[in-house]
Amino acid sequence: MTARARRRRAAPGSPGFLKRSQSRWAERAVGVLLVAAALVSVLTTIGIVVALIPPVVEFFGKVGFGRFITGTDWSPLFEPPRFGVLPLVTATLVVTVIALFVAVPLGLGAAVYLSEYAGHRVRGSLKPVLEVLAGIPTVVYGFFALRAITPFLQRNWPGGDPPEVFNALSAGFVMGIMIIPTIASLAEDAMAAVPRSLRDGACALGSSRMQVSTRVVFPAALSGIVAAVVLGVSRAIGETMIVAIAAGGRPNLTFNPLEGMQTMTAFIAAAGIGDLPTGSTGYQTIFAVGLLLFAITLVMNLISIRLVRRYREVYE
């Protein structure tokens with residue numbers, strides 16, 4: 001192409017100039033849309049904090065922060081009101097720990113099988129079936145825990161007092177089943193991202209498939225696995241319907257999973273649909289518990305980010 005032809009092609013109004021100009025405008029538009037999508041999540045988080053702070057400040061002006069955090073009796077809607085949030089915090093922790101005991105072994109086991117053992121056809125069939133569990137409404141999980149798991153445990157309890165009708169064990173067990181797809185899918189994606197050369201090198205040294213999975217692939221994908229587990233924990237802490245239906249609505253400061261208890265999310269749901277006067281102290285407890293729940297999940301996410309960065313493996 002001659003210099004005159006190149007100048008003619010790049011001249012304003014020529015077809016080549018118009019195509020490049022349209023391409024630049026399209027790239028700028030896509031960039032603006034991506035920035036707007038990122039800002040939506042940031043602004044939403046800021047909006048949540050801004051909405052929570054005023055009623056929480058007013059609440060702590062009436063109820064001391066130490067009394068709220070260290071109190072062992074929670075009955076803000078009765079006379080005399082008591083504002084110790086520890087029963088709600090301990091119930092949330094008990095249910096979450098039970099869910100993790102169910103979800104982490106099963107989820108990581110499913111991820112290892114799908115990534116290292118299953119063939120392409122089996123993986124293509126099993127993974128969608130596993131992820132169907134994530135699409136089941138949580139209210140269905142709650143009634144399944146109440147009407148199926150709890151009666152089964154009561155009939156087959158090996159000794160001592162069986163679980164109560166509302167108990168943390170059934171709620172935690174079913175919640176663990178609910179978060180299995182989250183942990184399994186994300187962990188399997190992290191393992192699949194490990195370079196094939198690492199597997200081939202380990203096999204060339206005489207390692208078995210189990211050794212390759214546990215000593216090569218799992219450590220190499222540890223940052224993604226940690227992120228998957230933390231996301232599952234956050235999902236469990238924020239779950240509402242399962243604990244509201246299966247764990248009961250009675251604040252109870254206990255670590256016995258056979259008893260009924262009320263989590264933070266269950267209290268927010270129960271109090272939010274009640275007839276509390278707007279601006280009352282009982283109404284403001286919803287925001288105080290919500291801010292505490294937000295702070296707990298924020299700390300967990302910050303810890304997970306630090307762990308992910310520490311154990312991240314970068315491959316060329």
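The following legends describe an overall view and several close-up views of a predicted model.

**Figure 1. Overall fold of the predicted protein.** The secondary structure consists of 13 helices and two strands. Along the principal axes, the C-alpha trace extends over about 90 × 60 × 35 Å. The radius of gyration is 26 Å, whereas a compact globule of 316 residues would have a value near 20 Å. Of the contacts between residues at least 6 apart in sequence, 70% link residues at least 24 apart.

**Figure 2. Surface and interior of the protein.** The accessible surface amounts to about 17,800 Å². Carbon and sulfur atoms account for 66% of this surface. Buried residues represent 38% of the 316 residues.

**Figure 3. A nonpolar patch on the surface.** Six residues are shown here: Val35, Leu39, Val42, Leu43, Ile46 and Val50. Together, these side chains form a nonpolar surface patch with about 540 Å² of accessible area. Val42, one of the members of the patch, lies in helix α2, which covers residues 15-62. Val42 is classed as partly exposed because its relative accessible area is 44%, a value between the limits of 20% for buried and 50% for exposed residues.

**Figure 4. The largest nonpolar core.** This core contains 42 residues, and those touching the most other members are Met175, Ile179, Met191, Ile242 and Val243. Two or more residues are contributed by each of the helices α4 (86-117), α6 (138-156), α7 (168-192), α9 (209-220), α10 (222-237) and α11 (241-246). The greatest contribution is that of α7, with twelve residues. A second, separate core has 19 residues, among them Phe59, Trp74, Ile237 and Phe267.

**Figure 5. The surroundings of Ile242.** Ile242 is among the residues that touch the most other members of the largest nonpolar core. When neighbours within four places in sequence are set aside, the contacts of Ile242 are Thr138, Tyr141, Gly142, Ala171, Val174, Met175, Met178 and Ala247.

**Figure 6. The buried residue Glu188.** Glu188 belongs to helix α7. This residue counts as buried because its relative accessible area is 5%, which falls under the 20% limit. Beyond residues up to four places away in sequence, Glu188 touches Ala111, Leu114, Ser115, Arg123 and Lys127. Leu93, by comparison, lies 95 residues from Glu188 in sequence and 27 Å from Glu188 in space, taken from C-alpha to C-alpha.

How values were computed
Residues are numbered from 1 along each chain as its sequence is written. This is a predicted model: local features need pLDDT of at least 70, side-chain atom pairs count only at pLDDT 80 or more; totals for chains, interfaces and linings use all residues. Side-chain values use heavy atoms; hydrogens and water are left out. Patches are made of residues with over 30% relative accessible area and no salt bridge: like charges are joined within 9 Å, nonpolar side chains (Val, Leu, Ile, Met, Phe, Trp, Tyr) within 5 Å. Accessible areas come from the Shrake-Rupley method with a 1.4 Å probe; for residues, only the protein chains shown count as cover. A salt bridge is a side-chain nitrogen of Lys or Arg within 4 Å of a carboxyl oxygen of Asp or Glu. Helices (H or I, at least four residues) and strands (E, at least two) are DSSP runs, numbered from the N terminus. Buried means under 20% relative accessible area, exposed over 50%, partly exposed in between (1.4 Å probe, protein chains only). The radius of gyration is taken over C-alpha atoms; the globule rule is 2.2 Å times the number of residues to the power 0.38. Contact means heavy atoms within 4.5 Å. A nonpolar core is a set of buried Ala, Val, Leu, Ile, Met, Phe, Trp, Tyr and Cys residues joined through side-chain atoms within 4.5 Å.
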